[in-house]
Amino acid sequence: MDLKGFDRPGSPTAGDTRSVKVMIAGGFGTGKTTMVRSVSDIKPLTTEETLTQASADVDHLIGVADKTQTTVSLDFGKISLNDTLMLYLFGTPGQERFWFLWNGLFKGALGAVVLVDTRRLASSFRAIEEMERQKVPFVIALNVFPDSRDYPVEEIRDALDIPPHTPVVTFDARDRTASRDVLVTLIRHLKDRSAAALEPR
């Protein structure tokens with residue numbers, strides 16, 4: 001995998017900005033659009049449409065009954081983590097009927113954040129499976145909702161069958177600083193993976 005500079009030691013030269021594609025994935029209603037909106041330095045591009053009665057049989061609203069809109073293609077935003085690193089954020093649609101779009105969206109992605117709603121863990125199984133199938137490094141971000149229960153991280157890790165080296169963090173997708181910290185966690189994870197790959201066997 002092309003690590004776009006993370007596999008080369010040392011700092012980039014002045015004016016050398018690295019651009020990295022990052023996926024924001026997860027199940028239906030886990031907060032992907034909210035995260036992109038909260039953290040993006042620009043007004044994000046979103047493709048949300050109003051949920052209608054016609055979609056009632058395919059967009060199951062158990063646990064997200066107040067949801068009135070849904071992403072039908074992608075969300076796009078960008079954020080500069082520092083003077084030398086720009087992240088381009090691509091949010092995936094969560095409903096099963098739009099999963100066919102994922103293959104194209106994942107092309108060229110360096111890493112991903114998988115959002116999880118602890119009230120509906122199963123809604124993010126498909127996103128995790130897709131990361132593993134596409135061999136995209138990822139972190140798990142537990143989005144805290146008002147009625148979410150406070151589960152121990154290791155209990156969540158076991159329930160999602162996540163390996164020990166994959167970071168699991170808790171955050172509020174509405175909060176810019178918290179969302180930025182999740183992205184920093186992902187970049188650190190990518191760097192750690194790169195360094196481990198270069199260690200002598």
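1. Asp147 is exposed, with a relative accessible area of 52%, where exposed means over 50%, buried under 20% and partly exposed in between (1.4 Å probe, protein chains only). Asp147 forms a salt bridge with Arg119, and the closest N and O atoms are 2.7 Å apart; a salt bridge here is a side-chain nitrogen of Lys or Arg within 4 Å of a carboxyl oxygen of Asp or Glu. Asp147 lies in the loop between E7 and helix H4 (153-160) and Arg119 in the loop between E6 and H3, so the pair ties together parts that are 28 residues apart in sequence. Arg119 itself is partly exposed, at 29% relative accessibility.

2. A note on the basis of these values: this is a predicted model, in which local features need pLDDT of at least 70 and side-chain atom pairs count only at pLDDT 80 or more, while totals for chains, interfaces and linings use all residues. Residues are numbered from 1 along each chain as its sequence is written, and side-chain values use heavy atoms, with hydrogens and water left out.

3. The structure holds eight salt bridges, and Asp117, Arg119, Arg120 and Asp147 are linked in a network of them. Another joins Asp172 and Arg174 at 2.8 Å, N to O; Asp172 is partly exposed at 23% relative accessibility, whereas Arg174 is exposed at 59%.

4. In helix H3 (residues 125-134), Ala127, Ile128, Glu130 and Met131 are buried; helices (H or I, at least four residues) and strands (E, at least two) are DSSP runs numbered from the N terminus. Seen down the axis of H3, the buried residues fall within an arc of 160°, so they line one face of the helix, the arc being that of the directions from the helix axis to the C-beta atoms. Glu130, at 3% relative accessibility, meets Arg133 in a salt bridge of 2.7 Å, N to O.

5. Six strands form an open sheet of mixed pairing, in the order E4-E5-E1-E6-E7-E8, where two strands pair if DSSP finds at least two bridges between them. The edge strands, E4 and E8 (168-171), each pair on one side only, and E4 and E5 are antiparallel over seven bridges.

6. The largest nonpolar core has 25 residues, and those with the most contacts inside it are Ile24, Met35, Leu87, Val113 and Leu183; such a core is a set of buried Ala, Val, Leu, Ile, Met, Phe, Trp, Tyr and Cys residues joined through side-chain atoms within 4.5 Å. The largest share of this core, seven residues, comes from H5.
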